[in-house]
Amino acid sequence: MRTEEESLEMRTKELVILSLFVAIGVALHAIVPPIFNGMKPDMMLLMMFLGIFLFPGMTNAGLLGIATGILSGLTTSFPGGLVPNIIDKILTAFLIYFLFLALKPLKQAIARAGILTVIGTLISGTVFLLAALLLVGLPGGAGFTALFLAVVLPATVINTIAMVIIYPIVESILKRSNVLSENK
């Protein structure tokens, strides 16, 4: 049984690691160039999902959704993309958290992470495009379908491949450093 002090120490470590994931996501989001009409693959999602998978919790999902939404909105190359990013990340974070809980019985953690990354990236891209369409319009007269095919689908493939590679590495490091328990 953990003491209150040990529990607080673990929570602090968890928040520091989640902050590092967000910072890495910001760096990735800032350096990835736009590929179509100001849109770029959202690598920040990868780090948000990683945080949700490794440290599942309603509070963590909310914090990650808010932080990544604001920061991806501030580093976006999409015209008027701040508010759509905030809407999309918060909604996506909670949906992925609930889907993570639903798929918890799936024992293959890497498969679960890959499946949820596909679903999450598709949800995020769809919500972002719909929010942008309704709030600020889509850039260059591009249609929803064109942006979805040109940006969201490639981002889904990139994020999923990256997650399948990165997840087991980060999970192993966190377990060896006693930040994660072996039964996560």
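User: Before we look around, what is a cavity here, and how many of 30 Å³ or more are there?
Analyst: A cavity is a set of grid points where a 1.4 Å probe fits but cannot get out. This is a predicted model. Counting those of 30 Å³ or more in it gives 1 cavity.

User: Thanks! About how much space lies in the largest cavity?
Analyst: A volume here is the space filled by probe spheres set on the grid points. For the largest cavity, that comes to about 210 Å³.

User: Which helix supplies the largest share of the lining of the largest cavity?
Analyst: The lining is made up of 19 residues, with Met39, Lys40, Asp42, Phe128 and Val151 nearest the centre of the cavity. At least two lining residues come from each of helix 4 (82-102), helix 5 (109-135) and helix 6 (144-176). The largest share is 4 residues, and they come from helix 5.

User: By class, how many residues of that lining are nonpolar, polar and charged?
Analyst: Gly counts among the polar residues in this grouping. On that basis, the lining of the largest cavity has 4 charged, 7 polar and 8 nonpolar residues.

User: Let's turn to Ile87. Is Ile87 buried, exposed or partly exposed?
Analyst: Ile87 is part of helix 4. Buried means under 20% relative accessible area, and exposed means over 50%. Ile87 has 37%, so it is partly exposed.

User: Ile87 and Ile158 are 71 residues apart in sequence; how far apart are they in space?
Analyst: Leaving out residues up to four places away in sequence, Ile87 touches Val127, Ala131 and Leu135. For Ile87 and Ile158, the distance from C-alpha to C-alpha is 22 Å.

Notes
Residues are numbered from 1 along each chain as its sequence is written. This is a predicted model: local features need pLDDT of at least 70, side-chain atom pairs count only at pLDDT 80 or more; totals for chains, interfaces and linings use all residues. Side-chain values use heavy atoms; hydrogens and water are left out. On a 1 Å grid over the protein atoms alone, a cavity is a set of points where a 1.4 Å probe fits but cannot get out, and a pocket is an open set with protein on both sides within 12 Å along at least five of seven lines; lining residues have an atom within 4 Å of a point. Buried means under 20% relative accessible area, exposed over 50%, partly exposed in between (1.4 Å probe, protein chains only). Contact means heavy atoms within 4.5 Å.
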